[in-house]
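Let's take a friendly walk through this model. Please have the sequence and the 3D view open as you read.

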Amino acid sequence: MILLLQGSSDLARVALAEKIIKEHSTWRHLPIEGLSETEIFREAIPVEPSEDLLLMLAIHLAKEMHAKNTHVLLSYQDATPFLADMRSELGADFISMFLHCDGPAPSGHDHLLPAKGESVNDLYQIVQKIILSA
């Protein structure tokens with residue numbers, strides 16, 4: 001399974017991602033924003049990478065990790081415009097979740113989680129049910 005966790009704040013996404021990988025030993029967290037900060041990426045591409053490039057790299061890495069029987073949790077602020085391409089590349093094992101706080105809800109996601117006023121543990125329980133039902 002490859003989950004895309006989006007929305008809310010960086011802190012909320014990371015806290016939830018860490019909770020998920022702590023509870024599930026076969027899961028790995030791949031923060032898309034952090035890819036450009038890795039040494040190997042900075043050496044290969046010395047300029048600030050585009051959003052398209054970061055997402056393509058994340059998709060490639062997720063596919064490789066998934067092929068090795070690892071579940072992957074991708075996290076990103078908002079990949080809504082790229083969901084169709086991500087679904088096409090990652091196939092049936094891909095699930096998109098959006099931690100929604102304020103404003104109009106984005107469309108196209110498999111799950112919209114009401115993050116406002118929810119704790120990490122509350123959100124984890126929701127995600128856990130999604131993981132188990134997939």
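## A buried arginine and its partners

R13 is buried, with a relative accessible area of 2%; buried means under 20% relative accessible area, exposed over 50%, and partly exposed in between (1.4 Å probe, protein chains only). Before going on, please note that this is a predicted model, in which local features need pLDDT of at least 70 and side-chain atom pairs count only at pLDDT 80 or more, while totals for chains, interfaces and linings use all residues. Residues are numbered from 1 along each chain as its sequence is written, and side-chain values use heavy atoms, with hydrogens and water left out.

Which residues meet R13 in a salt bridge? One is D10, with a distance of 2.4 Å, N to O; a salt bridge here is a side-chain nitrogen of Lys or Arg within 4 Å of a carboxyl oxygen of Asp or Glu. D10 and R13 are 3 residues apart in helix 1, so about one helical turn separates them. Helices (H or I, at least four residues) and strands (E, at least two) are DSSP runs, numbered from the N terminus. D10 is partly exposed, at 47% relative accessibility.

The other partner is E33, whose closest N and O atoms with R13 are 3.0 Å apart. Because E33 sits in the loop between strand 2 and helix 2 (39–44) while R13 is in helix 1, this pair ties together parts that are 20 residues apart in sequence. E33 is partly exposed too, at 26% relative accessibility.

R87 is partly exposed at a relative accessible area of 27%, and D110 is partly exposed at 37%. Through shared partners, salt bridges join D10, R13 and E33 into one network. The count of salt bridges comes to 6 by this rule.

## Two buried serines

S96 lies in strand 4 and is buried, with a relative accessible area of 0%. Its side chain is joined to that of Q6 by a polar contact of 3.1 Å. A polar contact is a pair of N or O atoms within 3.5 Å; within protein, one must be able to donate a hydrogen and the other to accept it, and residues adjacent in sequence count only if both atoms are side-chain atoms. Not counting residues up to four places away in sequence, S96 touches L4, Q6, L83, R87, H109, D110 and H111, where contact means heavy atoms within 4.5 Å.

S75 is found in strand 3. Is S75 buried or exposed? At 2% relative accessibility, S75 counts as buried. Leaving aside neighbours within four places in sequence, S75 is in contact with L5, R13, H29, L30, P31, I32 and E33.

## The nonpolar cores

The largest nonpolar core has 19 residues, and those with the most contacts inside it are L4, I32, L74 and M86. Such a core is a set of buried Ala, Val, Leu, Ile, Met, Phe, Trp, Tyr and Cys residues joined through side-chain atoms within 4.5 Å. Strand 1, helix 3 (51–67), strand 3 (71–76) and helix 4 (83–90) each supply at least two residues of this core. Helix 3 gives the most to this core, with 5 residues.

What does M86 touch, not counting residues up to four places away in sequence? The list is L4, L55, I59, L74, A79, G91 and F94. A second, separate core of 18 residues includes L3, M97, L113 and Y124.

Helix 5 (residues 120–133) has 14 residues and should span 20 Å at 1.5 Å a residue; its end C-alpha atoms are 20 Å apart, which agrees. The expected span is 1.5 Å times one less than the number of residues in the helix.

In helix 5, L123, Y124, V127, Q128, I130 and I131 are buried. They cover an arc of only 165 degrees around the axis, which puts them on the same side of helix 5; the arc is that of the directions from the helix axis to the C-beta atoms. On the other side of helix 5, K129, L132 and S133 are exposed. The buried residues of helix 5 pack against strand 1 (2–7), helix 1 (10–23), strand 2 (27–31), strand 4 (94–100) and strand 5 (111–114).
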